[in-house]
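Reader: I have a model open and want to learn how to read it. Where do we begin?

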Amino acid sequence: MTDSTKRPGAPRLRAVLDGVPLYKPGRPAVSATGEPAYKLSSNENPYPPLPGVLEAAVTAAGTFHRYPDLACSGLTAELAKRFDVPEAHVATGTGSVGVAQQLLQATAGPGDEVIYAWRSFEAYPIITQISGATSVQVPLNADETHDLDAMAAAITDRTRLIFVCNPNNPTGTVVRRAELERFLDRMPSDVLVVLDEAYREFIRDAEVPDGIELYRDRPNVCVLRTFSKAYGLAGLRIGFAVAHEPVAAALRKTAVPFGVSQLAQDAAVASLRSEEALLERVEALVAERARVVEGLTSQGWTVPKTQANFVWLRLGEATTDFAAFCEKAGVVVRPFAGEGVRVTIGETEANDIFLTAAAAYREKS
């Protein structure tokens with residue numbers, strides 16, 4: 001071995017990682033003065049686990065010296081029954097974002113393009129760049145909704161996948177049935193359209209379609225769902241996709257072996273079986289959402305129509321200042337510097353503090 005081979009140096013990493021932004025989680029719930037604060041920055045469910053879920057997880061914890069079920073067979077069967085789809089059309093992963101990354105691994109690489117609206121879910125550019133593909137970001141309409149005509153016009157022979165986040169994160173806006181079906185009808189058969197429905201349970205607009213109904217006769221449509229939001233299993237990291245067999249099979253190939261713990265699998269099954277309690281909690285959050293929107297509107301804020309468990313305020317250059325003001329008041333919100341803030345609908349007390357802070361900020365500005 002020569003002297004040169006002994007010299008320490010940096011390993012050669014993939015150049016595609018240069019410039020990949022780090023995913024920014026919601027800030028911890030600590031105020032600027034170090035006092036406890038409410039965390040409204042991560043779109044978490046403020047309720048504890050649904051009835052029977054904690055017990056299922058505790059029981060599963062007694063076997064965590066064993067590997068989990070690689071195929072997630074019990075959960076897959078439960079999901080197939082719940083949504084009336086073949087088991088072969090279900091694939092699981094570490095949250096819907098984990099499944100989204102598996103989709104990129106299966107469809108796109110260097111030289112390929114991935115289309116999505118912007119601003120939308122901040123993981124899209126990260127997982128696209130990691131795959132080696134090129135992001136094609138299509139600006140939202142003035143009302144914060146997807147510009148589907150512009151997205152369709154952006155398709156080239158290099159397009160491999162299109163994300164449609166419905167409701168959109170962080171704006172909360174939706175794509176309705178007629179425009180979405182028209183968009184899907186225009187899609188080339190070899191382009192995968194991913195309907196990211198992480199917030200599906202919070203939708204109350206009857207004109208917003210259920211993506212699983214749209215996928216049934218469209219082999220190039222995949223639907224993403226998660227247990228992190230309405231079901232309150234954010235800490236267990238479990239999501240799933242419903243897609244036709246070639247896509248679902250590809251997801252199983254790209255999944256991290258044993259990535260979904262047995263705790264997560266059993267908790268998810270128990271959550272699906274506690275639907276009555278789930279619906280009650282979601283309805284309470286939807287009512288709080290309406291109250292928060294009404295409060296902000298009465299203060300003079302412009303709030304896009306949201307169908308998710310959060311609200312969006314486009315504040316431009318005032319974004320970070322507003323977020324700091326809220327944090328000092330006792331609520332942590334999610335700022336997107338230079339653009340706006342996303343505020344989760346949380347406990348009534350947290351929402352009250354936020355509304356008071358928003359009113360005080362507007363008064364001083």
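Author: With the sheet. Strands of a sheet pair through backbone hydrogen bonds, either parallel or antiparallel. Here an open sheet of seven strands has the order 2-8-7-6-5-3-4, with mixed pairing. Two strands count as paired if DSSP finds at least two bridges between them. Helices (H or I, at least four residues) and strands (E, at least two) are DSSP runs, numbered from the N terminus.

Reader: Which are the edge strands?

Author: Strand 2 (90-93) and strand 4 (134-139); each pairs on one side only. The twist averages 25° from one strand to the next.

Reader: What should I know about the model itself?

Author: It is predicted: local features need pLDDT of at least 70, side-chain atom pairs count only at pLDDT 80 or more, and totals for chains, interfaces and linings use all residues. Residues are numbered from 1 along each chain as its sequence is written, and side-chain values use heavy atoms, with hydrogens and water left out.

Reader: How many bridges join strand 3 to strand 4?

Author: Six, and the two strands run parallel. Strand 3 covers residues 113-118. Ile115 stands opposite Val136 in strand 4.

Reader: Which strands does helix 5 lie across?

Author: Strand 3, strand 4, strand 5 and strand 6. Helix 5 (residues 123-131) runs at about 170° to strand 3. Axes are lines fitted to C-alpha atoms, for helices over the stretch in contact, and angles run from 0 to 180 degrees between N-to-C directions.

Reader: How many residues of helix 5 are buried?

Author: Buried means under 20% relative accessible area (1.4 Å probe, protein chains only). Seven of the nine are buried, so helix 5 is largely enclosed by the rest of the structure. Among them are Tyr124, Ile126 and Ile127. The buried residues pack against helix 4, strand 3, strand 4, strand 5 and strand 6. Just after helix 5, Gly132 takes a positive phi of about 95°.

Reader: How do helix 4 and helix 9 cross?

Author: Their axes come within 9 Å and cross at roughly 100°. That makes helix 4 roughly perpendicular to helix 9, a label for 65 to 115 degrees. Contact means heavy atoms within 4.5 Å.

Notes
Angles under 35 degrees count as roughly parallel, over 145 as roughly antiparallel, 65 to 115 as roughly perpendicular and the rest as oblique. Buried means under 20% relative accessible area, exposed over 50%, partly exposed in between (1.4 Å probe, protein chains only).
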